[in-house]
Every structure is written in structure tokens, then in C-alpha cells.
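Subject: Structure handover

Hello,

Please find the structure below. My notes on what was found in it follow.

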There are 2 protein chains.
Amino acid sequence: MIGMKTVKVGLIGLGTVGSATYGILIRERSRLQSRLGASLEVSMVADKERSAAEAHDIPDSIFTTDVNDIIDDDDIDIVVELIGGMEPAKSFISGALERGKTVVTANKEVVANSGCELVSLARENGAGLYFEASVGGGIPLLRGIHQGLAGNNVNEIYGIVNGTTNYVLSKMTEEGIEFSQALEEATEMGYAEADPSYDIDGVDAAHKIAILASISFGSWVTVDQVFKEGISSITQKDISHAKDLGYVIKLLAVGKRSGDGIEVRVHPTLIPASHLLASVSDIYNAVFVNTDSAGPGLFYGTGAGGASAGSAVVADVVEASRSILTGTRMGFESGLPDSRADDVIDIGDLNSRYYIRLRVIDRPGALASISGVFGEEDISLASVRQTEEKTEIVDLIFVTHMAIERNVSRALKRISGLEVVREIGSCIRMEDSL
Amino acid sequence: MIGMKTVKVGLIGLGTVGSATYGILIRERSRLQSRLGASLEVSMVADKERSAAEAHDIPDSIFTTDVNDIIDDDDIDIVVELIGGMEPAKSFISGALERGKTVVTANKEVVANSGCELVSLARENGAGLYFEASVGGGIPLLRGIHQGLAGNNVNEIYGIVNGTTNYVLSKMTEEGIEFSQALEEATEMGYAEADPSYDIDGVDAAHKIAILASISFGSWVTVDQVFKEGISSITQKDISHAKDLGYVIKLLAVGKRSGDGIEVRVHPTLIPASHLLASVSDIYNAVFVNTDSAGPGLFYGTGAGGASAGSAVVADVVEASRSILTGTRMGFESGLPDSRADDVIDIGDLNSRYYIRLRVIDRPGALASISGVFGEEDISLASVRQTEEKTEIVDLIFVTHMAIERNVSRALKRISGLEVVREIGSCIRMEDSL
């Protein structure tokens, strides 16, 4: 159409998310055009491998192996970075912002580590920065919190934000199998990487809660400020005891804001079986948000996979285009924090309930000596149960009232030294306030 | 601050939502200001009753009983309409749009009846139109679908969008009580109006699914195009039979798009007990969306109440302000449909499964004569069960395979004429594809 404006997009990276994004932009081109009243054109695609272009039917004329062909092209309005990892992705993003280009990225590492400086860089250069796809795949989550709940103070966020660990824990819960077998199933299904530690140890979830907490609480939390603990020590026994107590074990990413500061942590957590989050199983993600005006809310959906993340990237591209077409580059980053959080609470100061499983020699006085230590460390017990086993060693399950983590650690250290105690089976935080 | 821009807001209506909105705008003023880089000022408030101003500590200087003081004020950028109902609300909205003012409204009646013409009016006048609060209270739902899923084709929406009916059905399910008693409890709790028919008969939900379908499917569905059926005929027997079959009964608002056209309907529905929507109880609302790229997604939260709706109104005001500050009035309405849906499918053509409960005289041959009619009307049965009762009249429960509604209606008419049939107890649509 003569005179119709065109927004030009440069796409970096043709992996799973990149190729899905390209596919959506091509397939939905006419619909997006009529929506924007302007043409949305993928004018250049970059990937290290030339073969990637062929695999996705990308014409030679718009393909390059040199990212500078995108960053340095004055005609390109929006740079979409989808290669992941810190470098060279961060340099590409910075370079684009410095040239006043709006950036859309799915890169949780870059945002969780360097979000603060990139927001500042975007502002200085009158460029937009969008990263909906960095958390929760296709779920319109960051936009939902940042824009949809703009009138609210967010007090608490609880997220199931890693599909792999949720799949593993779901299988353990549904099929009664142990961690290693569930992980094997996840690998067979393609839900776990060859080296699954990034997911299993909570690293992925830690990045995501850092971003969620930053958006929600108004200052940037970096990933190294997040306490994290993975799921590899969770046993079928714990799953089953939790169930008897009315709980489900999830890898929960938690963010809370109070007068004392900000809590940000990722760890296996006992959550009430009746809570909506307990019904979020398999690879699905969900984030539960508590706010002062809107009340409780939940966002649920597909947290991973090319099409899902591609959906979020395209949503960002559309908003970025709208922003550019109206002559402003004021994007998602407007209203985002540009300072760092200096009030993240140490995990030792956490006030929580705890589920504790001890392997104990079944002998008179065992319970007395253990509960004596809890008492001395100012930890009061909500319930104690002993399993009936035919062996000399039995499980003792303690559920505490609210207690300070530092005290619990000290108590467990002392308890592990008691003669009757064979092993600290597990100590898992609980969230009843959900 | 010298030189800081100001966005001026005029607020019409100081009911529950209006006063909550005013409260949030005043309370969060400095946070919203730092977010926008501009001052957000409530410069005029209108209500019929002068006493409303006192009740909410609104200075006389910014209070009026004449709405024209807002609509005709050239300095006011955003008009927030919160009186509800068709007239005079619609005239106020039109008047504001005609004067190039951006409008934020929570008015589901006006949007569900006249959304199409108001979007056109907004465009003609370069004004913005926002109505997040018209559906799902504080849940960032419309923005989530319209913007967050912009790259997707939405295929199906399933919503629990009325808190009153969800509360009533939840109580019937949890406490085993009948409809009338559950409704009484809802009234005592303040969840049902003195005249509850607007909620109970599905009128409220019909407005909301009309808006949701319009946003999702790209053409305006008006409320009169929505098939609706209320929950007043649901009995404890149905709840309990449904439970035995693995289902829960919800008042479901359904929108589907296929090659044949658009389905939009509100009615009691059997949904699988394992589905996330089945866990949405009490007054909560949730909308489940199926899309081609992002996959399944769910939005959940508080669907009613002043603070919750006020939260959505303020989110709209913030986005509208951003739009105004960047020198454009291109609001939420950009990209919304401006044509009417002419392909809404007649309910008679619905293809669904049905749960049918008949009151039948316990006599040999009864089942044969009834199932004979089903067969003749091309309805095949998935299951039949008879309850054991000590009376002459028993319940016969049929679950059909997929069948055409028109055939089911005809079959039930014929069946009601059979000598052995005392009563058609109920016929409830099922959604297994959820």
C-alpha cells in the first residue's frame, strides 16, 4: 500500500524461539498489519549458521551471519535478541539500545543480571526495552503485573516458573516414583536437558523470580541476590508424608515485600493441597500474586517451548511497533525501576514453618532429646509423627510453627550430632499463607 | 515540580467502583507520578448526590453534580465513567469521545451493546477507549488477551465470570445444600443483590462473554447474540450425579471460533473435576483461553468488588495517560475490531455432549422406550445409570456422545410425552474438550 508505514524488525538467533517467532511474524503478517495500520517487516535475520536460513525458508536476501548487519542498519527499528546467555547477547542488546533501537528479548540471564543498567541505557537513548518472554513463556505475565496491576502494591508473588522441575515433582507425586526415575522420564520426553542442573538446582527459577520481583517491588533484584535450593534431594517419602499432612511439594519461587525488606528465594516448598498452585502440574507454569487492591490473582500457561515464547516475543514486537508508530520509543521500560534493591533479606532471617524428616533409632528417649533441642533453639512444634516401620531406624516427621531459619539450621546441626539420630532426612520450607 | 506535565482526570460516579478508584488515585498518587514522569490529577468528580463527596472526603472545589462540568471541560484529558447501565452512561461516553477525550469505563452494558460504534467514534475523534474493568474485575484479562496474546489466534475461551453464581454453585457442591439455601447464603454474605436475577439468569455473564468474544475473535458480538441459561434449575441431585461421573457444575461462559462461525453462550456446564477451572470456587473468576501459539492459559482473580474493579480502572487510566503524554490518543481500542459479528452460530446447531436426568416410573421397558427415541433422533449414548430409590419414581441419568442440540431438544420433547416419563429433570451441556 502506498504511504503505509513500515516497522522494520531485525531478528538475531534462529534457535527454537527465534524460528517460532519468525514463523508467527510471517504467518500472522496480514492480521498484524491490519491491527497496527502499518506493515511489520522482518527485514534481516542473523544466525551463526547459514544452514538455519534454509531450514526455515528464509530468503538469502534477508539473511546474514553478521549481527552488525542488523545493529548498524539505520532502517531497522526493532532488534529482537533470541540467542540467550550473557555474551555476546548483552553486547548486542546494549549496542542496539545505544543506537536508539528498541530491543525485544527473551533473555532471562541478561535481564536478571543487567536489567537495571539496560533500562537506564534504554532511557538515555530514547529506546524501548521489552522482555515479556524472559519469564513464563507465552503467559502475559510481566505485562499483566507491570501494566495490568499498575494501581496496586504487589505484596507477594509465588511462582511455579520452571517446567522441568514441575514435571519431575508432578510425576513423583502422581506415580509414586523416585526423583531419578522421574528425571529420566523428563529427559525422555525432551523436558530436561542432557545436563539438567540448570533447571533441577533452581538456577533457571532464580533468574525468573529475580525479574518478577524487580517488576513487582520497584527495584532491581539481581540473580545473585536470590537464595536457591534445588529439588534433587526430595524423596518419595517426603512427597508421601506431605500428602498425608495435606500438602504438595513444588519448586516454588517466592518474592515478598514487607517493611523489613524483600524476600526472594527458590526452593522446594510444601504448599496446601487445596491451593490452586497445587493443581498446576506437568510442564505448566503459574504465578500467584497478592496485591492490595486487586486481591489475589493467578496467571497460568505454557512456560516453555518455541511457540509459547515466540507468542510473547511477538506481543512485545506489536507493542513496540505501536510505540514507534506513535512517534515515541517509550516502551515497556517506562515505569520500570532504575535502581537496585539494597534491602534483600538474608535467608537466615527467614520466618517460616518447616517440615523436617529425621532418620532416628527407635529407642526410648529419642523424641525427648530431639524436641529438647528444638525447644532450646526457640522452635515450637506444631506436630510430630512417627512412621511404623519394621526396622530399627524410623522416620520422625516434625512440622514447626513459624520459626527463624537461622535457629532451625542451628537446631538441625545440633540434632545431627545426637546419638539417636542417624540422618537429617530433609528440611523443607512451608508456605501456608498462600 | 515546575514544568512537569499533568494529566487531568474527570471521574463520573461515586458508587463502589468510583469511590475505590478515587481512593487508589489519591493514595498511589506519588508512585504513579514517578512512574509516568507526570502528575495524574483528579480534577473533577461528578455524582448525583452531593453527600457522596463528603462520604469520600472529596473537596467541594472539585465536586459537581453536573456531568457536563467534566465533559465540557477542555482541560480534562481522561473521562472515567463509573455509573453503569446504558443511559445516561452511553451518552456521557459518546459526548466525551466526540470532544476527543479518552474514556475509561467499567460499563459492561455499554461495551457489550455498543462497543462497536464506540470504538469507531473513538477512532474518528482520535480519542482512546479503555474498558478493562468491564470484565473480570481486577484481573488483567482483556489487556492480557488483546495485547499479551496479540500474536495468537484465540480459538476458545471458557470463563467463570460471575461471582454470585459461582458462589452459589460452590456452596451447593461443598455443603450439599439446595439452590435456594445457597442463594440465601450468598445474599447474607452480600454476594447477591436483592433481585438476584441479573446474576442468576446469566445476564451478567452474557455481557462479559460478549466482550471477551469480541476482543478474542476480531468482530463485535453484542449481548443479544449470546445464548444464555441460568442456574436456578440446578438441583443437588445434578451436582451429586455430576460428581459421581467425575464432573463439577459451573456457570460457564463459552466462546469458540471455527470455520463455521462463532459460538457464544452462557449456561450451566459439566466440566471435568480435574480441570483447573473446576478448582475456581467461591466468588472468584477465571478465564481459560486456548490459542494457537501460546497454548492454553488461565487468568484468575477477584471478579467483583470496588477495590478490584478500581484496580482495573486505574491500570487503564495509567495506560491512557502514557498514551496521552506521548502525544497520541491511540489507546486500547487500536487494533480492536470495528465490525460486527455476522456469523454467530444458532444454539440449535450446537454440537455438544449432554447430561440428561429424567424422572421415570420404574417399570420394565422404560429404558427401552426412552433410548429408542434417542436413537431415532441420532443421539448416541455414552452411559446410562439408574439410581436405587425406594420410590416408584427413579432418576435415569443419560450421558450422550456428541449430539446436535436441535436433535436433543426434539428428543426430550418426545420423551416427555412418554407414559413412563414423569419429568425431564434436567439437561445440562458438557465441556470435555476443555
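Before the sheet is described, one term is needed: two strands pair if DSSP finds at least two bridges between them. Please also keep in mind that this is a predicted model.

The sheet in chain B

Chain B holds an open sheet of six strands, paired in parallel, in the order 3-2-1-4-5-6. Strand 3 (63–64) and strand 6 (129–130) of chain B stand at the edges with a single partner strand each, so one side of each has no neighbour in the sheet. Helix 13 (residues 306–325) of chain B packs on this sheet. Helix 13 of chain B touches strand 1 (6–12), strand 2 (39–46), strand 4, strand 5 and strand 6 of chain B, and its direction makes about 170 degrees with that of strand 5 of chain B.

To see one of the pairings, look at strand 4 (residues 78–81) and strand 5 (residues 102–105) of chain B, which run parallel and are joined by four bridges. Within this pair, B:Val79 has B:Val103 of strand 5 as its bridge partner.

How the two chains meet

By what turn can chain A be laid on chain B? A turn of 180 degrees, with a shift of 0.0 Å along the axis, does it with an RMSD of 0.0 Å. The two copies are thus related as by a two-fold rotation axis. In chain A, the C-alpha nearest the axis belongs to A:Phe299, at 2.5 Å from it.

In the interface, 42 residues of chain A are in contact with 42 residues of chain B. On the side of chain A that touches chain B, the elements giving two or more residues are helix 2 (29–36), helix 7 (142–148), strand 12 (296–302) and helix 13 (306–325) of chain A. Helix 13 of chain A gives the largest share of that side, nine residues. By type, the residues of this side of chain A divide into 17 nonpolar, 20 polar and five charged. Of the interface residues of chain A, 100% are also interface residues in chain B, so the copies meet through the same surface.

Strand pairing also crosses between the chains: strand 12 of chain A and strand 12 (residues 296–302) of chain B run antiparallel and are joined by five bridges. For example, A:Gly297 has B:Gly301 as its bridge partner in strand 12 of chain B.

Two helices in chain B

Two packed helices are described by the angle between their axes and the distance between the axes. For helix 14 (residues 366–376) and helix 15 (residues 405–416) of chain B, the axes come within 9 Å and cross at roughly 150 degrees. Angles over 145 degrees count as roughly antiparallel, and helix 14 and helix 15 of chain B are therefore roughly antiparallel to each other. Their crossing is right-handed. Helix 14 of chain B makes the contact with B:Ile370, B:Val373 and B:Phe374, and helix 15 of chain B with B:Ala411, B:Arg414 and B:Ile415. These residues divide into five nonpolar, no polar and one charged.

Antiparallel strands in chain A

Strand 15 (residues 393–400) of chain A pairs with strand 13 (residues 351–361) of chain A in the antiparallel sense over seven bridges. In this pair, A:Leu396 of strand 15 is the bridge partner of A:Leu358. Strand 15 of chain A is also joined to strand 14 (residues 381–386) of chain A by five bridges, and these two run antiparallel. Here A:Arg385 stands opposite A:Ile397 in strand 15 of chain A. Strand 14 and strand 15 of chain A form a hairpin, with six residues between them.

Regards

How values were computed
Residues are numbered from 1 along each chain as its sequence is written. Chains are lettered from A and ligands numbered from 1 in the order in which they are written. This is a predicted model: local features need pLDDT of at least 70, side-chain atom pairs count only at pLDDT 80 or more; totals for chains, interfaces and linings use all residues. Two residues are in contact if their C-beta atoms, placed from the backbone, lie within 7 Å. Axes are lines fitted to C-alpha atoms, for helices over the stretch in contact, and angles run from 0 to 180 degrees between N-to-C directions. Copies are superposed by least squares on the C-alpha atoms of residues with pLDDT of at least 70 in both. Ala, Val, Leu, Ile, Met, Phe, Trp, Tyr, Cys and Pro count as nonpolar, Asp, Glu, Lys and Arg as charged, and the others, Gly among them, as polar. Angles under 35 degrees count as roughly parallel, over 145 as roughly antiparallel, 65 to 115 as roughly perpendicular and the rest as oblique. A crossing is left-handed if the near helix is turned anticlockwise from the far one by less than a right angle, and right-handed if clockwise.
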